[in-house]
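Good morning, colleagues. May I ask you to look at the chain on the screen while I go through some of its local features.

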Amino acid sequence: MFLEKDQYGFRKGRGTRDAIAALRVMYERSLEHHKKVCVCYVDFEKAFDRVNWYKLMTILQSMGVDWRDRKLIWNLYNGQKAYVRIGEKQSGACSIGRG
């Protein structure tokens with residue numbers, strides 16, 4: 001798995017406090033240069049768990065997103081299966097619903 005260098009979650013030594021500190025520095029620098037600052041935080045874990053995929057596909061279609069791209073997105077997130085491995089033993093496939 002590849003994690004971006006500026007990702008704060010799931011990385012040793014780069015937690016929420018570090019992200020808040022980085023935002024504070026950017027905010028203070030913006031104030032020094034008399035620039036407006038807008039900050040938005042989205043908890044993607046919770047947002048992702050509540051996506052209505054049928055509605056999303058309808059919205060993407062209405063926005064003109066090509067059917068091939070919509071199909072790719074649909075296939076990435078729906079009908080997923082996972083396996084659990086402990087040591088050398090692996091479970092059978094489990095369907096992923098939410099989360």
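I shall speak about the helices, one loop, the cysteines and the salt bridges, in that order.

This is a predicted model, in which local features need pLDDT of at least 70 and side-chain atom pairs count only at pLDDT 80 or more, whereas totals for chains, interfaces and linings use all residues. Residues are numbered from 1 along each chain as its sequence is written, and side-chain values use heavy atoms, with hydrogens and water left out.

Let me begin with helix H1, residues 16–32, which contains Ser30. Helices here are DSSP runs of H or I with at least four residues, numbered from the N terminus. Ser30 has a relative accessible area of 18% and is therefore buried; buried means under 20%, exposed over 50%, and partly exposed in between, with a 1.4 Å probe and protein chains only. Leaving aside residues up to four places away in sequence, Ser30 touches Lys35 and Val37, a contact being heavy atoms within 4.5 Å.

In the loop between H1 and helix H2 (44–49) we find His34. Its phi is near 55 degrees, a positive value in a residue other than glycine. His34 counts as exposed, because its relative accessibility is 75%.

Now to helix H3, residues 53–62: which of its residues are buried? They are Trp53, Met57 and Leu60. These residues cover an arc of only 65 degrees around the axis, so they lie on the same side of H3; the arc is taken from the directions from the helix axis to the C-beta atoms. Tyr54, Lys55 and Ser62, on the other side of H3, are exposed. Just after H3, Gly64 has a positive phi of about 90 degrees.

As for the cysteines, a search of the whole structure finds 0 disulfides, a disulfide being a pair of cysteine sulfur atoms within 2.5 Å. Cys38 is exposed at 78% relative accessible area, and Cys94 is partly exposed at 38%.

How many salt bridges does the whole structure hold? The search finds 2, where a side-chain nitrogen of Lys or Arg must lie within 4 Å of a carboxyl oxygen of Asp or Glu. Arg24 pairs with Glu28, their closest N and O atoms being 2.8 Å apart. Both residues lie in H1, 4 residues apart, about one turn of the helix. Arg24 is exposed at 56%, while Glu28 is partly exposed at 35%. Asp66 forms a salt bridge with Arg68, again with closest N and O atoms 2.8 Å apart.

Thank you for your attention.

How values were computed
Helices (H or I, at least four residues) and strands (E, at least two) are DSSP runs, numbered from the N terminus.
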